[in-house]
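This briefing goes through one protein chain by topic, from its overall make-up to single side chains. Please keep the sequence and the 3D view at hand while reading.

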Amino acid sequence: VKARYGDATMKVEVWQKDMKIIGEFAAKLGAPTPLFNRCVALYNAAVAMTGLSRRTLWRRVTEGAIPKREEDRGRAMLSLAAVVDLIPVPLDDDDLEMLVQADDGKADAQADVGEMFYTAGEFGAAVYWLSAAAAQKNADAMHWLGTCHFAGHGVPKSENLGLSWLARAAEAGHPIAQHQMESLKRSTLRP
């Protein structure tokens, strides 16, 4: 067999379907998939932060407009430098460091990045990072997710989900959420 191989290509829909099938199968088996999970997370982070569709991002990667990292090993690993100019929020050096920490899985940094995107009006990116932090029980992120759901910013508007996130934040010790929950109780329990 001759070692002549062209660039690997596939439609985004096929890749997404395959990723879903592989992820569900591994979960069903209880098999840990840390590299697989990391690949999905990086791709999703790039989509969330840039506002590009999955299809557009993948096309730019396959065309070489967004370079993959050298240590690729078959995964679509993107460097922050490759996508930072596509992020619609101005970032200074401190913001970039916080973004790196968020990408490393640090819940406080994820919540801070989520807040940064929220205040800049980039609600999809905000929800992405806030959800990551809330999954690690970050009370600030839970409170912000409540705000997102109440207002319909980055997610469908839902008072039920907003209240649920507010209650979780209060339970996790968020002082503002605790005050808001107490105020709600007082106003709804008045005779």
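This is a predicted model: local features need pLDDT of at least 70, side-chain atom pairs count only at pLDDT 80 or more; totals for chains, interfaces and linings use all residues.

Residues are numbered from 1 along each chain as its sequence is written, and side-chain values use heavy atoms, with hydrogens and water left out.

**The chain as a whole**

- The chain contains 10 helices and zero strands, where helices (H or I, at least four residues) and strands (E, at least two) are DSSP runs numbered from the N terminus.
- Read from the N terminus, the order of elements is α-α-α-α-α-α-α-α-α-α.
- Of the 191 residues in the chain, 36% are buried, a term that means under 20% relative accessible area, with exposed meaning over 50% and partly exposed in between (1.4 Å probe, protein chains only).
- Taking contacts between residues at least 6 apart in sequence, 41% join residues at least 24 apart, contact being defined as heavy atoms within 4.5 Å.

**Aromatic rings**

- The structure has three aromatic pairs; rings of Phe, Tyr and Trp (its six-membered ring) pair if their centres lie within 6.5 Å, and planes under 30 degrees apart count as stacked, over 60 as edge-to-face and the rest as tilted.
- The ring centres of tyrosine 118 and tryptophan 144 are 4.8 Å apart with their planes at 55 degrees, so this pair is tilted.
- That pair links distant parts of the chain, since tyrosine 118 belongs to helix H6 (residues 107-119) and tryptophan 144 to helix H8 (residues 139-151), 26 residues apart.
- Tyrosine 118 is buried, its relative accessible area being 13%, and ring pairs join Tyr118, Phe123 and Trp144 into a cluster.
- Tyrosine 128 and tryptophan 129 make an edge-to-face pair, with 5.0 Å from centre to centre and 85 degrees between the planes.
- Within this pair, tyrosine 128 counts as partly exposed at 23% relative accessibility, whereas tryptophan 129 counts as buried at 2%.
- The charged end of arginine 168 sits over the ring of tryptophan 165, 4.1 Å from the ring centre; the criterion is that NZ of Lys or CZ of Arg is within 6 Å of the ring centre and within 35 degrees of the ring normal.

**Helix H7 and alanine 126**

- Helix H7 (residues 123-134) has 12 residues, which at 1.5 Å a residue should span 16 Å, and its end C-alpha atoms are 16 Å apart, which agrees; the expected span is 1.5 Å times one less than the number of residues.
- The buried residues of H7 include Ala125, Val127, Leu130 and Ala133.
- Alanine 126 also lies in helix H7 and counts as buried at 0% relative accessibility.
- Residues up to four places away in sequence aside, alanine 126 touches Gly114, Phe117 and Tyr118.
- The C-alpha atoms of alanine 126 and histidine 153 are separated by 9.0 Å, although these residues are 27 residues apart along the chain.

**Other helix residues**

- Threonine 50 lies in helix H2 (residues 34-50) and counts as buried at 9% relative accessibility.
- The side chain of threonine 50 reaches the backbone nitrogen of leucine 52 at 3.1 Å, and, leaving aside neighbours within four places in sequence, threonine 50 is in contact with Val83, Leu86, Ile87 and Pro88.
- In helix H3 (residues 54-63), the buried residues are Thr56, Leu57, Trp58 and Val61, and H3 is followed by glycine 64, whose phi is positive, near 90 degrees.
- Histidine 149, in helix H8, is buried with a relative accessible area of 9%, and its contacts, not counting residues up to four places away in sequence, include Val155, Pro156, Leu161 and Trp165.
- Alanine 167 has its place in helix H9 (residues 159-171) and counts as partly exposed at 29% relative accessibility.
- Alanine 167 and methionine 181 are 14 residues apart along the chain, with their C-alpha atoms separated by 6.8 Å.

Conventions:
A polar contact is a pair of N or O atoms within 3.5 Å; within protein, one must be able to donate a hydrogen and the other to accept it, and residues adjacent in sequence count only if both atoms are side-chain atoms.
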